[in-house]
Amino acid sequence: MTKVLAGITTSVDGYVTGPDDGPGKGLGEGGERLHYWVFGGPWTYEGGTRGEATGEDAAWLAEAFSRIGAVVGGRWTYESSGHWGGENPFGRTFFVVTHRPEEEPEGAGFTFVAGVGEAIERAREAAGDKDVHVMGGGDVIRQALEAGLVEELTIIVAPVVLGGGKRLFDVFTTPLELEHLGVRQSPWATFVDYRVKRA
């Protein structure tokens, strides 16, 4: 049965981006450090990524990707990433939540939709017997959590204090009870998996 999963990387002080995130620096100033785990170590916006995940990082990604049939993300993430160069990086149907769903996305594999609820509903249909992954940004994950649409949440904590940027739970208005499912650790991140308890 299809589950809705959400996952995002935060700094130790709770930021999912550094300050001034946007095209050309999607994770904000100093935010590259959040995704060292994705690329096997240090990288910069100027120098680009140089590697790929290894060890526990690669194991977590492989397990996650084996479960995912469709992806939901936000328009700001899509724009900040430079539309991933018009190439869907997940290789699965990707629903982008936007206030302008009538516009055409750049590249194949992306579909613009008007709201989180619609995006997750369409993603469930597209996923078949696999899961839906809500990948961010923080606003889209917050909306999905507050709507009671997420069943499992992974917080990936990078060992860095950014001191500013965007936080995942800054404007969260609904109490959220989580059940601990497991933890993995690598030199670049700590992965904490939770089940989202229903009221």
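Where is H83 found? H83 sits in the loop between α3 (75-80) and β4 (93-97). Helices (H or I, at least four residues) and strands (E, at least two) are DSSP runs, numbered from the N terminus.

The model is predicted: local features need pLDDT of at least 70, side-chain atom pairs count only at pLDDT 80 or more, and totals for chains, interfaces and linings use all residues. Residues are numbered from 1 along each chain as its sequence is written, and side-chain values use heavy atoms, with hydrogens and water left out.

H83 has a relative accessible area of 16% and is buried. Buried means under 20% relative accessible area, exposed over 50%, and partly exposed in between (1.4 Å probe, protein chains only). Leaving aside neighbours within four places in sequence, H83 is in contact with Y78, E106 and F110. Contact means heavy atoms within 4.5 Å.

Y78 and F110 also belong to one aromatic cluster, together with F65, W84, F90, F94 and F112. Rings of Phe, Tyr and Trp (its six-membered ring) pair if their centres lie within 6.5 Å; planes under 30 degrees apart count as stacked, over 60 as edge-to-face and the rest as tilted.

The whole structure holds 15 aromatic pairs. One of them joins Y36 and W188: the ring centres are 5.6 Å apart and the planes stand at 80°, so the pair is edge-to-face. Y36 lies in helix α1 (residues 36-39) and W188 in the loop between β9 (178-185) and β10 (190-196), so the pair ties together parts 152 residues apart in sequence. Y36 is buried, at 16% relative accessibility. W188 is partly exposed, at 23%.

W37 and W60 form another edge-to-face pair, 5.7 Å centre to centre with 80° between the planes. W37 lies in helix α1 and W60 in helix α2, so this pair ties together parts 23 residues apart in sequence. Both W37 and W60 are buried.

Now to the second largest pocket. Its volume is about 220 Å³. W60 returns here: of the 14 lining residues, the closest to the centre are W60, R67, E152, T154 and D193. On a 1 Å grid over the protein atoms alone, a pocket is an open set of points where a 1.4 Å probe fits, with protein on both sides within 12 Å along at least five of seven lines; lining residues have an atom within 4 Å of a point. Volume is the space filled by probe spheres set on the points, which are joined across faces, edges and corners.

β1 (4-11), α2 (55-67) and β7 (152-158) each supply at least two lining residues. α2 gives the most, with four.
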